[in-house]
Amino acid sequence: MVHAPLRPPPGAPPVRINLYSDTQTRPTPAMKDAMMSALVGDEQHGDDPTVNALCDRMAALMGKEAAIFLPSGTMCNVIAILTHCQKGDEVVAHETSHILHSEGGTHAALTGVQIMPLRGPRGMFSADELRQAIRPKSRYAPPQRLLEVEQTANIGGGAVWPIELLNAVALIAHEQGWATHMDGARLMNACVAAGISAAEMAASYDSVWLDFTKGLGAPLGAVLCGSAEFIDRAWRWKQRLGGSMRQAGICAAACDYALTHNVERLADDHANARALARGLSQIPGVAVQEPETNLVFFDIKDTGLSLDAFQTAMRAQGVMISGLGGRVRACTHLDVTAPQIEEALTIIRAVLAKG
(Lines give C-alpha, C1' and ligand atoms only; values in the text may rest on other atoms or scores of the structure.)
Protein backbone atom coordinates (compact mmCIF):
# COMPACT_ATOMS: atom_id res chain seq x y z
CA MET A 1 0.00 0.00 0.00
CA VAL A 2 1.31 3.44 -0.96
CA HIS A 3 -1.54 5.89 -0.44
CA ALA A 4 -4.00 4.22 1.91
CA PRO A 5 -3.13 4.40 5.62
CA LEU A 6 -1.78 1.25 7.18
CA ARG A 7 -3.77 -0.26 10.01
CA PRO A 8 -1.98 -1.24 13.22
CA PRO A 9 -0.19 -4.57 12.83
CA PRO A 10 -1.94 -7.55 14.45
CA GLY A 11 -0.75 -8.07 17.99
CA ALA A 12 0.63 -4.56 18.39
CA PRO A 13 0.44 -3.41 22.02
CA PRO A 14 -2.09 -0.71 22.84
CA VAL A 15 -0.85 2.86 22.60
CA ARG A 16 -0.41 4.18 26.13
CA ILE A 17 1.36 7.44 25.36
CA ASN A 18 0.56 9.12 22.06
CA LEU A 19 3.14 11.74 21.12
CA TYR A 20 2.56 11.24 17.39
CA SER A 21 0.44 14.34 16.84
CA ASP A 22 -2.17 16.55 18.47
CA THR A 23 -4.51 15.24 15.76
CA GLN A 24 -4.61 12.05 17.85
CA THR A 25 -6.72 13.64 20.59
CA ARG A 26 -10.05 12.05 21.49
CA PRO A 27 -13.19 14.02 22.34
CA THR A 28 -13.83 14.12 26.08
CA PRO A 29 -17.14 12.92 27.58
CA ALA A 30 -18.16 16.56 28.12
CA MET A 31 -17.42 17.38 24.47
CA LYS A 32 -19.46 14.37 23.37
CA ASP A 33 -22.34 15.55 25.56
CA ALA A 34 -22.20 18.94 23.86
CA MET A 35 -22.30 17.25 20.47
CA MET A 36 -25.26 15.04 21.37
CA SER A 37 -27.30 17.97 22.68
CA ALA A 38 -26.51 20.31 19.76
CA LEU A 39 -29.34 22.05 17.95
CA VAL A 40 -29.04 21.21 14.25
CA GLY A 41 -30.50 22.16 10.91
CA ASP A 42 -29.31 21.90 7.31
CA GLU A 43 -25.93 23.63 7.06
CA GLN A 44 -26.27 23.98 3.27
CA HIS A 45 -29.51 25.88 3.73
CA GLY A 46 -27.97 28.17 6.32
CA ASP A 47 -30.36 27.07 9.05
CA ASP A 48 -28.10 25.05 11.34
CA PRO A 49 -28.06 27.28 14.45
CA THR A 50 -24.97 25.67 15.99
CA VAL A 51 -22.91 26.12 12.83
CA ASN A 52 -24.10 29.71 12.49
CA ALA A 53 -23.21 30.46 16.12
CA LEU A 54 -19.73 28.96 15.71
CA CYS A 55 -19.07 30.97 12.54
CA ASP A 56 -20.25 34.20 14.20
CA ARG A 57 -18.07 33.48 17.22
CA MET A 58 -15.04 32.71 15.06
CA ALA A 59 -15.46 35.82 12.92
CA ALA A 60 -15.52 37.94 16.07
CA LEU A 61 -12.54 36.05 17.54
CA MET A 62 -10.47 36.66 14.42
CA GLY A 63 -11.66 40.23 13.91
CA LYS A 64 -13.18 39.43 10.51
CA GLU A 65 -16.60 40.02 8.96
CA ALA A 66 -17.62 36.43 8.26
CA ALA A 67 -16.63 32.78 8.53
CA ILE A 68 -17.32 29.41 6.94
CA PHE A 69 -17.28 25.97 8.60
CA LEU A 70 -15.25 23.34 6.75
CA PRO A 71 -14.34 19.70 7.40
CA SER A 72 -10.55 20.17 7.49
CA GLY A 73 -7.71 22.66 7.58
CA THR A 74 -6.39 21.46 4.23
CA MET A 75 -9.74 22.34 2.67
CA CYS A 76 -9.44 25.80 4.26
CA ASN A 77 -6.09 26.34 2.54
CA VAL A 78 -7.33 25.00 -0.79
CA ILE A 79 -10.51 27.10 -0.75
CA ALA A 80 -8.65 30.21 0.36
CA ILE A 81 -6.16 29.93 -2.51
CA LEU A 82 -8.91 29.14 -5.02
CA THR A 83 -10.82 32.21 -3.81
CA HIS A 84 -7.85 34.59 -3.75
CA CYS A 85 -6.16 33.39 -6.96
CA GLN A 86 -6.70 32.37 -10.54
CA LYS A 87 -4.92 29.66 -12.50
CA GLY A 88 -1.39 30.68 -13.35
CA ASP A 89 -1.03 33.00 -10.36
CA GLU A 90 1.81 32.68 -7.89
CA VAL A 91 1.63 32.22 -4.12
CA VAL A 92 4.64 33.18 -2.00
CA ALA A 93 5.19 30.92 1.02
CA HIS A 94 7.94 29.38 3.12
CA GLU A 95 9.67 26.35 1.63
CA THR A 96 8.51 24.18 4.56
CA SER A 97 4.89 25.33 4.46
CA HIS A 98 2.00 22.90 4.77
CA ILE A 99 0.68 23.86 1.34
CA LEU A 100 3.94 22.62 -0.20
CA HIS A 101 4.67 19.58 1.95
CA SER A 102 1.46 18.10 3.27
CA GLU A 103 -1.44 18.69 0.90
CA GLY A 104 -0.69 16.09 -1.77
CA GLY A 105 0.19 18.54 -4.53
CA THR A 106 -3.40 19.74 -4.54
CA HIS A 107 -2.52 23.31 -5.44
CA ALA A 108 -0.90 22.15 -8.68
CA ALA A 109 -3.68 19.64 -9.31
CA LEU A 110 -6.71 21.75 -8.40
CA THR A 111 -5.91 25.42 -7.93
CA GLY A 112 -3.54 25.83 -10.90
CA VAL A 113 -1.25 28.18 -8.99
CA GLN A 114 2.47 27.88 -8.53
CA ILE A 115 4.14 28.40 -5.18
CA MET A 116 7.37 30.33 -4.78
CA PRO A 117 9.24 28.85 -1.78
CA LEU A 118 11.18 31.24 0.44
CA ARG A 119 13.90 30.16 2.83
CA GLY A 120 14.43 31.18 6.42
CA PRO A 121 15.04 29.64 9.83
CA ARG A 122 12.23 28.17 11.93
CA GLY A 123 9.71 28.19 9.09
CA MET A 124 9.82 31.97 8.67
CA PHE A 125 11.23 34.47 6.20
CA SER A 126 12.23 38.08 6.74
CA ALA A 127 10.83 41.24 5.19
CA ASP A 128 14.04 41.58 3.14
CA GLU A 129 13.72 38.03 1.82
CA LEU A 130 10.15 38.75 0.80
CA ARG A 131 11.15 41.96 -1.00
CA GLN A 132 13.76 40.00 -2.97
CA ALA A 133 11.01 37.60 -4.12
CA ILE A 134 8.94 40.35 -5.76
CA ARG A 135 8.89 39.83 -9.50
CA PRO A 136 8.86 42.70 -12.00
CA LYS A 137 5.43 42.92 -13.56
CA SER A 138 5.83 41.44 -17.02
CA ARG A 139 4.12 39.04 -19.36
CA TYR A 140 7.06 36.69 -18.74
CA ALA A 141 6.37 36.38 -15.02
CA PRO A 142 3.37 34.84 -13.25
CA PRO A 143 1.13 37.34 -11.49
CA GLN A 144 1.93 37.29 -7.79
CA ARG A 145 -1.38 37.31 -5.94
CA LEU A 146 -1.00 35.91 -2.44
CA LEU A 147 1.34 35.81 0.54
CA GLU A 148 0.88 32.79 2.82
CA VAL A 149 2.26 32.27 6.33
CA GLU A 150 1.84 29.36 8.77
CA GLN A 151 1.24 30.17 12.45
CA THR A 152 2.70 28.21 14.20
CA ALA A 153 5.33 26.93 11.76
CA ASN A 154 5.10 23.14 12.01
CA ILE A 155 8.35 22.02 10.36
CA GLY A 156 9.94 25.10 11.88
CA GLY A 157 9.51 23.37 15.24
CA GLY A 158 6.17 24.84 16.27
CA ALA A 159 7.80 28.27 16.15
CA VAL A 160 5.70 31.40 16.64
CA TRP A 161 5.93 34.21 14.09
CA PRO A 162 6.48 37.45 16.04
CA ILE A 163 3.61 39.87 15.51
CA GLU A 164 6.01 42.54 14.24
CA LEU A 165 7.27 40.21 11.49
CA LEU A 166 3.75 39.10 10.57
CA ASN A 167 2.71 42.70 10.11
CA ALA A 168 5.90 43.66 8.25
CA VAL A 169 5.58 40.98 5.58
CA ALA A 170 1.84 41.58 5.22
CA LEU A 171 2.49 45.29 4.65
CA ILE A 172 4.92 44.50 1.83
CA ALA A 173 2.38 42.14 0.26
CA HIS A 174 -0.41 44.68 0.41
CA GLU A 175 1.85 47.36 -1.06
CA GLN A 176 2.25 45.04 -4.05
CA GLY A 177 -1.50 44.52 -4.34
CA TRP A 178 -1.35 40.94 -3.07
CA ALA A 179 -3.81 39.33 -0.71
CA THR A 180 -2.56 37.73 2.53
CA HIS A 181 -3.54 34.38 4.01
CA MET A 182 -2.68 32.83 7.38
CA ASP A 183 -2.65 29.05 7.82
CA GLY A 184 -3.71 29.04 11.46
CA ALA A 185 -3.73 25.31 12.12
CA ARG A 186 -2.18 25.90 15.56
CA LEU A 187 -2.95 29.60 15.81
CA MET A 188 -4.28 29.39 19.36
CA ASN A 189 -1.02 27.76 20.47
CA ALA A 190 0.74 30.83 19.11
CA CYS A 191 -1.69 33.19 20.82
CA VAL A 192 -1.32 31.48 24.19
CA ALA A 193 2.48 31.35 23.91
CA ALA A 194 2.79 35.00 22.82
CA GLY A 195 0.00 36.42 24.98
CA ILE A 196 -1.58 38.03 21.92
CA SER A 197 -5.22 37.78 20.86
CA ALA A 198 -6.18 35.97 17.68
CA ALA A 199 -7.68 39.17 16.26
CA GLU A 200 -4.42 41.04 16.75
CA MET A 201 -2.37 38.14 15.39
CA ALA A 202 -4.48 37.98 12.22
CA ALA A 203 -5.22 41.68 11.81
CA SER A 204 -3.00 42.13 8.74
CA TYR A 205 -4.29 39.01 6.98
CA ASP A 206 -7.21 38.95 4.58
CA SER A 207 -8.05 35.36 5.43
CA VAL A 208 -7.22 33.12 8.35
CA TRP A 209 -8.40 29.76 9.61
CA LEU A 210 -8.28 27.73 12.79
CA ASP A 211 -8.13 23.94 13.06
CA PHE A 212 -10.10 22.38 15.90
CA THR A 213 -8.72 18.85 15.51
CA LYS A 214 -5.26 19.50 16.91
CA GLY A 215 -4.61 20.92 20.38
CA LEU A 216 -8.25 21.97 20.77
CA GLY A 217 -9.32 18.34 20.76
CA ALA A 218 -12.35 18.22 18.44
CA PRO A 219 -12.88 15.18 16.19
CA LEU A 220 -13.14 17.26 13.00
CA GLY A 221 -13.68 20.75 11.69
CA ALA A 222 -11.96 24.01 10.83
CA VAL A 223 -13.28 27.54 10.30
CA LEU A 224 -12.05 29.94 7.59
CA CYS A 225 -12.56 33.65 8.23
CA GLY A 226 -12.36 36.77 6.07
CA SER A 227 -14.45 39.56 4.61
CA ALA A 228 -18.11 38.94 3.88
CA GLU A 229 -17.37 39.12 0.14
CA PHE A 230 -14.47 36.64 0.44
CA ILE A 231 -16.54 34.13 2.42
CA ASP A 232 -19.42 34.47 -0.04
CA ARG A 233 -17.10 33.48 -2.89
CA ALA A 234 -15.55 30.73 -0.76
CA TRP A 235 -18.97 29.07 -0.53
CA ARG A 236 -18.88 28.29 -4.25
CA TRP A 237 -15.62 26.39 -3.78
CA LYS A 238 -16.95 24.67 -0.67
CA GLN A 239 -19.79 23.34 -2.81
CA ARG A 240 -17.51 22.33 -5.67
CA LEU A 241 -15.12 20.44 -3.39
CA GLY A 242 -17.83 18.56 -1.52
CA GLY A 243 -17.34 20.46 1.71
CA SER A 244 -20.97 21.40 2.19
CA MET A 245 -22.61 19.41 4.97
CA ARG A 246 -26.03 18.78 6.45
CA GLN A 247 -26.59 18.48 10.23
CA ALA A 248 -23.08 19.75 10.86
CA GLY A 249 -24.07 21.34 14.15
CA ILE A 250 -23.12 18.05 15.85
CA CYS A 251 -19.52 18.71 14.78
CA ALA A 252 -19.67 22.48 15.26
CA ALA A 253 -20.75 21.92 18.85
CA ALA A 254 -17.47 20.12 19.54
CA CYS A 255 -15.57 23.08 18.10
CA ASP A 256 -17.56 25.56 20.16
CA TYR A 257 -16.91 23.49 23.29
CA ALA A 258 -13.21 23.48 22.44
CA LEU A 259 -13.13 27.28 22.16
CA THR A 260 -14.70 27.59 25.59
CA HIS A 261 -12.73 24.92 27.46
CA ASN A 262 -9.53 23.98 25.60
CA VAL A 263 -7.72 27.20 24.70
CA GLU A 264 -6.22 28.36 27.99
CA ARG A 265 -5.11 24.82 28.82
CA LEU A 266 -2.78 24.85 25.78
CA ALA A 267 -0.27 26.38 28.20
CA ASP A 268 -0.15 22.97 29.91
CA ASP A 269 0.87 21.35 26.61
CA HIS A 270 3.62 23.92 26.19
CA ALA A 271 4.89 23.23 29.71
CA ASN A 272 4.91 19.49 29.00
CA ALA A 273 6.83 20.11 25.77
CA ARG A 274 9.47 22.08 27.66
CA ALA A 275 9.75 19.31 30.26
CA LEU A 276 10.20 16.74 27.51
CA ALA A 277 12.85 18.87 25.82
CA ARG A 278 14.76 19.29 29.11
CA GLY A 279 14.81 15.54 29.65
CA LEU A 280 15.85 14.80 26.08
CA SER A 281 18.69 17.32 26.24
CA GLN A 282 20.26 15.25 29.03
CA ILE A 283 20.44 12.09 26.91
CA PRO A 284 23.84 11.57 25.20
CA GLY A 285 23.70 11.90 21.42
CA VAL A 286 20.33 13.67 21.34
CA ALA A 287 20.15 17.21 19.90
CA VAL A 288 16.96 19.04 20.83
CA GLN A 289 15.38 22.13 19.32
CA GLU A 290 14.00 24.23 22.16
CA PRO A 291 10.20 24.23 21.80
CA GLU A 292 8.12 27.39 21.70
CA THR A 293 4.76 25.66 21.79
CA ASN A 294 3.70 21.98 21.79
CA LEU A 295 6.09 20.49 19.20
CA VAL A 296 9.45 19.02 20.21
CA PHE A 297 11.88 18.18 17.41
CA PHE A 298 15.04 16.23 18.22
CA ASP A 299 17.82 14.53 16.29
CA ILE A 300 19.07 11.08 17.29
CA LYS A 301 21.57 10.40 14.51
CA ASP A 302 24.51 10.61 16.94
CA THR A 303 23.02 7.81 19.03
CA GLY A 304 23.59 5.29 16.24
CA LEU A 305 19.88 4.38 16.04
CA SER A 306 17.91 5.12 12.88
CA LEU A 307 14.65 7.03 13.00
CA ASP A 308 12.65 4.03 11.74
CA ALA A 309 14.23 1.70 14.28
CA PHE A 310 13.58 4.20 17.06
CA GLN A 311 9.91 4.57 16.13
CA THR A 312 9.48 0.79 15.93
CA ALA A 313 11.11 0.26 19.32
CA MET A 314 9.01 2.99 20.90
CA ARG A 315 5.80 1.57 19.41
CA ALA A 316 6.67 -1.82 20.89
CA GLN A 317 6.64 -0.09 24.29
CA GLY A 318 3.23 1.48 23.64
CA VAL A 319 4.55 4.94 22.69
CA MET A 320 3.73 6.52 19.34
CA ILE A 321 6.06 9.20 18.02
CA SER A 322 6.51 10.71 14.58
CA GLY A 323 9.37 11.57 12.27
CA LEU A 324 9.61 14.59 10.02
CA GLY A 325 12.48 15.70 7.82
CA GLY A 326 14.87 13.16 9.31
CA ARG A 327 14.17 14.31 12.87
CA VAL A 328 11.93 12.90 15.57
CA ARG A 329 8.84 14.97 16.35
CA ALA A 330 6.99 14.62 19.62
CA CYS A 331 3.72 16.48 20.05
CA THR A 332 2.08 17.24 23.38
CA HIS A 333 -1.69 17.67 23.69
CA LEU A 334 -4.63 17.29 26.04
CA ASP A 335 -4.33 13.47 26.10
CA VAL A 336 -0.71 13.60 27.31
CA THR A 337 -0.13 14.23 31.03
CA ALA A 338 2.98 15.39 32.88
CA PRO A 339 3.50 11.89 34.39
CA GLN A 340 3.30 10.42 30.88
CA ILE A 341 6.07 12.79 29.78
CA GLU A 342 8.30 11.38 32.51
CA GLU A 343 7.36 7.82 31.56
CA ALA A 344 8.08 8.55 27.89
CA LEU A 345 11.51 9.91 28.82
CA THR A 346 12.29 6.74 30.75
CA ILE A 347 11.35 4.63 27.73
CA ILE A 348 13.32 6.85 25.33
CA ARG A 349 16.44 6.57 27.50
CA ALA A 350 16.12 2.79 27.60
CA VAL A 351 15.52 2.44 23.84
CA LEU A 352 18.46 4.66 22.93
CA ALA A 353 20.75 2.97 25.46
CA LYS A 354 19.93 -0.42 23.98
CA GLY A 355 20.58 0.91 20.48
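Helices and strands are DSSP runs, numbered from the N terminus, and a strand has at least two residues. The model described here is predicted.

Strand 12 covers residues 322-324, and Ser 322 has its place in this strand. Buried means under 20% relative accessible area. Ser 322 has a relative accessible area of 5%, so this serine is buried. A polar atom of the Ser 322 side chain lies 3.3 Å from the backbone oxygen of Tyr 20. Leaving aside residues up to four places away in sequence, Ser 322 touches Tyr 20, Gln 311, Arg 327, Val 328 and Arg 329.

The next region is built around helix 10. This helix runs over residues 228-240 and has 13 residues. From the first C-alpha to the last, helix 10 reaches 19 Å, close to the 18 Å expected at 1.5 Å a residue. Which residues of helix 10 are buried? They are Phe 230, Ile 231, Ala 234 and Lys 238. After helix 10 comes Gly 242, which has a positive phi, near 80°.

Helix 3 deserves a separate look. Two packed helices are described by the angle between their axes and the distance between the axes. For helix 3 and helix 10, the axes come within 9 Å and cross at roughly 115°. The crossing in which helix 3 passes helix 10 is right-handed. On the helix 3 side, the residues that meet the partner are Ile 79, Ala 80, Leu 82, Thr 83 and His 84. On the helix 10 side they are Phe 230, Arg 233, Ala 234, Trp 237 and Lys 238. Of these, Phe 230, Ala 234 and Lys 238 are among the buried residues of helix 10.

Not counting residues up to four places away in sequence, His 107 touches Asn 77, Val 78, Ile 81, Ile 99, Gly 112, Val 113 and Ile 115. Is His 270 buried or exposed? With a relative accessible area of 3%, His 270 is buried. The side chains of His 270 and Asn 189 are joined by a polar contact of 3.0 Å. Besides Asn 189, His 270 touches Val 192, Ala 193, Thr 293 and Asn 294, not counting residues up to four places away in sequence.

Asn 189 belongs to helix 8, one of the partners of helix 12. The axes of helix 8 (residues 187-194) and helix 12 come within 9 Å and cross at roughly 80°. Helix 8 is therefore roughly perpendicular to helix 12. In this pair, Met 188, Asn 189, Val 192 and Ala 193 of helix 8 meet Leu 266, Ala 267 and His 270 of helix 12.

Helix 14 (residues 338-354) is another partner: its axis and that of helix 12 come within 10 Å and cross at roughly 25°. Because of this angle, helix 12 is roughly parallel to helix 14. Helix 12 contributes Asn 272, Ala 275, Leu 276, Gly 279 and Leu 280 to the contact, while helix 14 contributes Ala 338, Ile 341, Leu 345, Ile 348 and Arg 349. The crossing of helix 12 past helix 14 is right-handed.

The loops remain. Most residues other than glycine have a negative phi, and most peptide bonds are trans. Arg 122 has a positive phi, near 60°, and is not a glycine. Its place is in the loop between strand 4 (114-118) and helix 6 (127-132). Arg 122 counts as partly exposed, at 37% relative accessibility. The peptide bond from Gln 151 to Thr 152 is cis, with omega near 0°. Thr 152 is in the loop between strand 5 (144-150) and helix 7 (163-175).

Tyr 140 sits in the loop between helix 6 and strand 5. At 68% relative accessibility, Tyr 140 counts as exposed. A polar contact of 2.8 Å joins the side chain of Tyr 140 to that of Arg 139. Tyr 140 and Gly 112 are 28 residues apart along the chain, and their C-alpha atoms are separated by 17 Å.

How values were computed: Residues numbered from 1 in each chain as written. Predicted model: local features only at pLDDT ≥ 70, side-chain atom pairs only at ≥ 80, totals over all residues. Heavy atoms only, no water. Helix = DSSP H or I, 4+ residues; strand = E, 2+ residues; numbered from the N terminus. Expected span 1.5 Å × (residues − 1). Buried < 20%, exposed > 50% of the residue type's maximum accessible area, 1.4 Å probe, protein only. Contact = heavy atoms within 4.5 Å. Polar contact = N/O pair within 3.5 Å; in protein donor to acceptor, adjacent residues only side chain to side chain. Axes fitted to C-alpha atoms, helices over the stretch in contact; angles between N-to-C directions. Parallel < 35°, antiparallel > 145°, perpendicular 65-115°, else oblique. Left-handed = near helix turned anticlockwise from the far one by under 90°.
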